[in-house]
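The following note sets out points on strand pairing, aromatic pairs and charges over rings. Please read it alongside the sequence and the coordinates.

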Amino acid sequence: MTTATERLSSQQVAESYYVALSGLSRRTADRTQALWRELDARDLTASWESLVGPQIVETVAAGQAAAAALADPYLSGVVAADGGDPAVGPRVRPGSFAGYAADGRALDSLLYLPVITTKQAIGAGLDETEAMMRGLNQLLRIAASEVTNAGRTATGAGIAARRTIQGYIRIATAPCCARCAILSGKEFGWNSGFQRHPRCDCIHMPATLIARSSLKRGSLERREMFPTAGAGRGPRGFVDGQTYFNSLSRREQDRVFTIAGARAIRDGASITSVVNARRGMYTSTAYRQQLRATREGTTRRGSFYRLERARAISRGQVPASGRGFRPRAPRLLPEEIYKLAATRDEAIAMLRRFGYID
């Protein structure tokens, strides 16, 4: 007999999982907020240790266990949607993903940080109400992130345990940061870690042996689910990072991708190159002045390295084999290019020269 889950497409299963995980994260944050209000600002440590702290730790741990418990139904749903046997493979133990922080420390130690933050704010002369609000905001970020991380970690463990799943495709939801936008839609191996930042709500989309690298056609109906696909590697029915960029207002483009980065993308630069450039940022001397450059793409396998090598070969500076080539020019960031360029044409030429435009 076909169940409701089996009739769903893999995208719909992923959407349902995302909604359930987000709901758990939000409810946990709501509960911790209510408990935080019971703290006595005149004696934060005592009121935390005697009542509020243990309840908040218990609340977050319960949220972690509930999030981890979503992993198996989610993975089974995707496997079934792709035509596999959902019963094949070990199952995760939800309780094993609760009670500790994502960085390995004790959960109560992590959750006490907002109390320290509040004390420091009061000690610095901040109004008591504002200090308590600062601590609360930190607590909400921690609680929501730890619940979501537990769900993702359990899903990653389930992916590794099921041999019918050969990897996963990362899916981002709008709004998202620039880094998540360019990673979304890319496929990773079953043993690849899931990079995330605080409050990141990206999820795994299991890639089964039956449906390798491609998901069933169709698009997600909910607006908040806005996955993006990397260059040619994402599943059908999912939009790419450039489409996400184009969906934003000019103001939002500048905020998410920086003013210069957004301008470079609008001028035709690769969205991936622009975002990745900031990972290896440093200051270098070029054009007789100190400018910001990046080491991204400058290794032997990097796109900028290959462009520079081809340029040197065409100029006869190195043999056709490229043997002995060493990059001489630093790879400038887009914002430095705009500072140097006198005209739009010159800016576009430099964007191409430094590998931001194909």
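1. The model is predicted. In it, F304 and F354 are both buried. The rings of these two residues have centres 6.0 Å apart and planes at 20°, so the pair is stacked. F304 belongs to helix α13 (residues 303–314), whereas F354 lies in the segment after α15 (344–353); the pair therefore ties together parts that are 50 residues apart in sequence.

2. Helix α13 also contributes Y305, whose partner F325 lies in the loop between α13 and β8, so this pair ties together parts 20 residues apart in sequence. The ring centres of Y305 and F325 are 5.2 Å apart and the planes stand at 75°, which means that the pair is edge-to-face. Y305 counts as buried at 5% relative accessibility, and F325 is buried with a relative accessible area of 6%. The structure holds 6 aromatic pairs.

3. An open sheet of 3 strands runs in the order β6-β7-β8, with antiparallel pairing. Strands β6 (281–286) and β8 (331–332) stand at the edges with a single partner strand each, so one side of each is left without a neighbour in the sheet.

4. Between β6 and β7 (residues 289–294), the antiparallel pairing extends over 6 bridges. T285 has Q290 in β7 as its bridge partner.

5. R295 lies over the face of Y282, at 4.0 Å from the ring centre. R353 lies over the face of F354, at 4.8 Å from the ring centre; F354 is also the stacked partner of F304.

Methods. Residues numbered from 1 in each chain as written. Predicted model: local features only at pLDDT ≥ 70, side-chain atom pairs only at ≥ 80, totals over all residues. Heavy atoms only, no water. Pairing = 2+ DSSP bridges. Helix = DSSP H or I, 4+ residues; strand = E, 2+ residues; numbered from the N terminus. Phe/Tyr/Trp six-rings, centres within 6.5 Å; stacked < 30°, edge-to-face > 60°. Buried < 20%, exposed > 50% of the residue type's maximum accessible area, 1.4 Å probe, protein only. Lys NZ or Arg CZ within 6 Å of the ring centre and 35° of its normal.
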